[in-house]
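Hi there,

Here is the structure I promised to pass along. Please have a look at it first, and then read on for my notes.

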Amino acid sequence: MTIIDTRGLSCPQPVLLVRKAIEAGQKPLQVLTDSATARDNVRRLAERLGLSVTITEANDEFTMTLE
Amino acid sequence: MRDRITRFFGSRLGIMTVGAIIGVIAPLLQYFGNPKNMGICVACFERDIVGALGFHHNAATQYLRPEIFGLVLGATIAALIFNEFRSRGGSSPLVRFILGMFAMIGALVFLGCPWRAILRLAGGDLNALVGIAGLAAGITAGVFFLKAGFSLGRAHRGPAISGWIMPVIMVFLLVLAVFRVSFVKDGALFFSESGPGSLAAPLAIALVAGLLIGFLAQRSRFCTMGALRDVILMRDTHLISGLGALLVVALVMNLILKQFNLGCAAQPVAHSNHLWNFLGMTLSGLAFALAGGCPGRQLFLAGEGDGDAGIFVLGMLSGAALAHNLDLAGKPDAIVDGVLKVGGISTWGMLAVLTGLVVCVAIGFGMRERSA
């Protein structure tokens with residue numbers, strides 16, 4: 001599975017990186033983020049593109065699986 | 001419960017609700033005493049704070065605006081309640097400072113940040129259309145750099161105390177505003193006796209308005225620059241639907257409150273020098289896009305512990321001091337003996353805008369990462 005580490009990156013880079021990966025056909029994707037804003041933005045992008053999203057949280061960081 | 005609230009504010013209805021609430025509050029602040037078409041203006045209000053502290057000496061723009069303290073602290077309260085307060089920083093702080101400085105200079109050339117551009121339009125000031133077009137041009141340039149791999153680098157988590165610096169500064173300034181401390185005879189604090197700085201809603205109302213907007217904007221990630229950027233970059237209309245709600249509701253409120261006056265010439269605290277209205281906001285839009293948020297969003301991020309946003313705010317405050325000390329800011333249109341005297345900016349102001357554009361473009365090209 002492709003892993004995209006967006007931790008520490010500010011808006012809109014996490015969404016841009018994820019969109020680029022999806023467009024390149026890299027599914028399923030695992031996205032790491034430490035920002036609730038990036039989590040929400042990536043989730044909105046994924047849902048707009050018809051992907052399912054599962055999110056787990058540990059130590060104030062989020063792991064998102066898009067497929 | 002908290003998850004449901006988070007999902008609501010993340011929805012289109014949520015962002016539109018927040019935009020509509022700001023659209024109600026801002027014209028009301030004007031009704032209660034704030035300058036015309038300036039219910040909320042992050043750039044103008046930060047400039048007034050800088051003046052009150054004595055960092056510039058334009059006697060017409062000096063006041064400790066409680067709205068700004070409320071915007072930051074409202075975001076802090078929301079971030080704490082929803083467990084989103086995170087001390088972080090270290091993502092190109094000096095670059096962010098410079099971006100903040102030029103963002104402010106561009107905004108003061110236009111005489112308003114993106115928030116005020118929308119509120120000016122809602123009040124019938126058609127110069128705002130030129131400013132918003134300039135803003136869109138600047139953001140489009142920013143999107144070009146983002147697509148080319150522009151990045152200010154990763155921020156890192158830090159000790160809790162670093163994230164508390166901006167909120168504590170805001171509390172300190174709020175205390176100064178409440179008690180109007182006089183540190184030295186004929187010196188700071190300064191409070192304007194005439195001009196826009198002398199026009200203000202009562203402190204408690206301004207503070208509560210700021211707190212409410214700060215809280216809601218932190219939850220909904222409201223951002224005026226992001227609204228345009230997301231449309232240009234991704235055809236994503238989520239944020240701009242909030243901005244649209246703000247514009248429509250503020251327009252209706254202004255009509256109800258009889259604060260609507262359609263035209264270009266002699267609009268309140270505005271000039272009709274179209275070229276520099278456009279270029280000033282182009283500079284602002286580019287700087288905000290490279291820094292990842294409009295001036296309001298930078299305050300909200302600073303409130304939730306983001307030291308990089310805090311540095312951007314300090315850059316904006318410095319830009320405000322420079323704008324007035326070096327005569328870079330726009331001068332409003334005026335009616336002199338019944339004749340319209342079109343305002344605008346000095347040659348120094350023009351040079352500052354062009355310098356800012358060159359610097360921002362250099363930063364845009366220079367901060368690219370091939371593989372982020």
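Let me begin with the contact between the two chains. Please keep in mind that this is a predicted model. On the chain B side, 25 residues are in contact with 24 residues of chain A. Together the two chains bury about 2,100 Å² between them, and carbon and sulfur atoms give 43% of that area.

Polar and charged pairs come next. There are six salt bridges between chain B and chain A. In a salt bridge between the side chains of A:Asp60 and B:Arg157, the distance from N to O is 3.4 Å. Counting residue pairs in polar contact, with both residues at pLDDT 80 or more, gives 10 between chain B and chain A. Two helices of chain B, α1 (2-10) and α10 (224-234), are the elements that give two or more residues to the side touching chain A. Sorted by class, that side of chain B has 11 charged residues, along with seven polar and seven nonpolar ones.

Now for the nonpolar core. The largest one has 123 residues, and the members that touch the most others in it are A:Leu66 and B:Leu99. Helix α5 of chain B (residues 93-110) gives the most to this core, with 11 residues.

One is B:Asn254, which is found in helix α11 (residues 238-256) of chain B. Is B:Asn254 buried or exposed? Its relative accessibility is 1%, so B:Asn254 counts as buried, the cut-off for that being under 20%. Setting aside residues up to four places away in sequence, B:Asn254 touches B:Pro27, B:Gln30, B:Leu119, B:Ala122, B:Gly123, B:Gln259 and B:Phe260.

The other is B:Val171, in helix α8 (residues 160-179) of chain B. B:Val171 counts as partly exposed because its relative accessibility is 41%, and that class lies between 20% and 50%. Along the chain, B:Val171 and B:Val72 are 99 residues apart, while their C-alpha atoms are separated by 9.6 Å.

That is everything from my side for now. Happy browsing, and do write back with any questions!

Best wishes

How values were computed
Residues numbered from 1 in each chain as written. Chains lettered and ligands numbered in written order. Predicted model: local features only at pLDDT ≥ 70, side-chain atom pairs only at ≥ 80, totals over all residues. Heavy atoms only, no water. Contact = heavy atoms within 4.5 Å. Buried area = accessible area lost by both parts, 1.4 Å probe. Salt bridge = Lys/Arg side-chain N within 4 Å of Asp/Glu carboxyl O. Polar contact = N/O pair within 3.5 Å; in protein donor to acceptor, adjacent residues only side chain to side chain. Helix = DSSP H or I, 4+ residues; strand = E, 2+ residues; numbered from the N terminus. Nonpolar A, V, L, I, M, F, W, Y, C, P; charged D, E, K, R; others polar. Buried < 20%, exposed > 50% of the residue type's maximum accessible area, 1.4 Å probe, protein only. Core = buried A, V, L, I, M, F, W, Y, C linked by side-chain atoms within 4.5 Å.
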